Amino acid sequence: MKSDIKTLKRITKPIFDDIKLFEEEFKNALHSEVRLINMIGKYIIHHKGKHIRPILTILSSRVCGQPTLNSYRAAAMIELLHIATLIHDDVVDEAEKRRGFPSINRVWKNKIAVLMGDFILSKTLINMVGLKDFAALQLIADTAEKLAAGEILQIEKSLTRSMTEEVYYDMIYQKTASLISTCCELGAITSTGKDKDRLAMINYGTKLGMAFQVKDDLFDILGNEKATGKKIGADVKRNMITLPLIYAYKKISKTEHKQVKKILALKKKSRTDLNDLKEIIDRVGGFNYAKDKISEFNNQAIDALSPYPESPYKKSMVDLISFNAQRKG
C-alpha cells in the first residue's frame, strides 16, 4: 500500500496545486453544524483513500483544456458520492475494515453509519445545484442511479446463480466503471464542454473503470488483507460470482462443477474451502483470463487518449492505467 501511495504522488505531481483546491472544496462540503458529523467527517478525511476519482476529474480537465472552479467542485462531489456508497456498502456487507482501518459502521454502529451516508448524499445534491450546469447535474444524477442498480444486479444474480460474462460486464460497468467514466467526463464538461472531449473521456474512464473492477475482483481471491485493507474472499463468501469463476465454470469437469457448487452453497466458508476454489480456478486459467481482460481494457483506455498531444497530464492519465494494473490494494 505504501508503494501505491508513493507511485500515486509521482503521477499526481503535475496537478499538485489543483489537488489542494479540490481538498479545500471537499473539506468545506463535509462541514456541518452537528459535532458528531464533523467528528466522522474528520475520521473520513484522516483515513482518506487514494482520491483516484477526483484526480481523474482534474487530469481530464487539464488534458481537454483548463480546469475551472466547477472542475474542483465536481471533483469534490464525485468523491462525496463515492464515499456515501462505500459507507452504505460497509453496512450491507457488515464490513469491519475499510482501507485497513475500522469502518464507520464498526466505530459508530450501523444506524449512525447509514445516516452519515445519507448526510453525505444530501451534501452531494446541494453541491450539484451549486454547479448550475445542467449537463453535469444530469450526468451525476444518472450515475447515482447506475451505482445502485449495479449493486442490486450483482445481488440478484448471486441469489439466482445466473451470472454470465455478458451480465458481469454490464454489472461492473454500472457499479464501478460508470462512476470513473463520469469523473473523466466531468473534467471535459467543466473545461471545454465539447462533445469530442466528452466522448474521449467517457471511453477512457469506462475502460479504466472496467479494468479497475476486474482487478478488485482478483484481489478478493488472490490478495492479502494487509495489502488491500479488506477481508479476502468476502465476495466469494457472499456468493458473488466474478470473472475468474465465470470463466472457470466453462472449463471445469462435471465433478469439479459439483465441488464448486458445494463450496458456494456453504453458509460459512473456511480458508481451506477458499483455497480449494482458488486452486480449481487457477488450474483452468481463470485468473490469467481475468488478467488478459485487464490488459485488453487498458489498451482501449490508452487508445481513447490518442487524439490528445503529449503533455505531463496525458502522461499521468496513461500512468494511472499502469498504476491500476500493478496496484497492491
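Helices, which are DSSP runs of H or I with at least four residues, are numbered from the N terminus. The structure is a predicted model, in which local features need pLDDT of at least 70 and side-chain atom pairs count only at pLDDT 80 or more, while totals for chains, interfaces and linings use all residues. Residues are numbered from 1 along each chain as its sequence is written, and side-chain values use heavy atoms, with hydrogens and water left out.

**Exercise 1.** Find the helix that holds L36, and decide whether L36 is buried, partly exposed or exposed.

*Solution.* Begin with the position: L36 lies in helix α3, which covers residues 35-46. Next, take the relative accessible area, for which buried means under 20%, exposed over 50% and partly exposed in between (1.4 Å probe, protein chains only). Because its value is 33%, L36 is partly exposed.

**Exercise 2.** Work out how the axes of helix α9 and helix α16 are arranged.

*Solution.* The axes are lines fitted to C-alpha atoms, for helices over the stretch in contact, and the angles between N-to-C directions run from 0 to 180 degrees. Helix α9 (residues 195-222) and helix α16 (residues 312-326) have axes that come within 9 Å and cross at roughly 15°. Angles under 35 degrees count as roughly parallel, over 145 as roughly antiparallel, 65 to 115 as roughly perpendicular and the rest as oblique. The two helices, α9 and α16, are therefore roughly parallel to each other.

**Exercise 3.** Describe the salt bridge between D18 and R62, and state where its two residues lie.

*Solution.* A salt bridge is a side-chain nitrogen of Lys or Arg within 4 Å of a carboxyl oxygen of Asp or Glu. In the bridge between D18 and R62, the closest N and O atoms are 3.0 Å apart. This pair links distant parts of the chain, since D18 is in helix α2 (residues 16-30) and R62 is in helix α4 (residues 52-64), 44 residues apart. As for accessibility, D18 counts as buried because its relative value is 4%.
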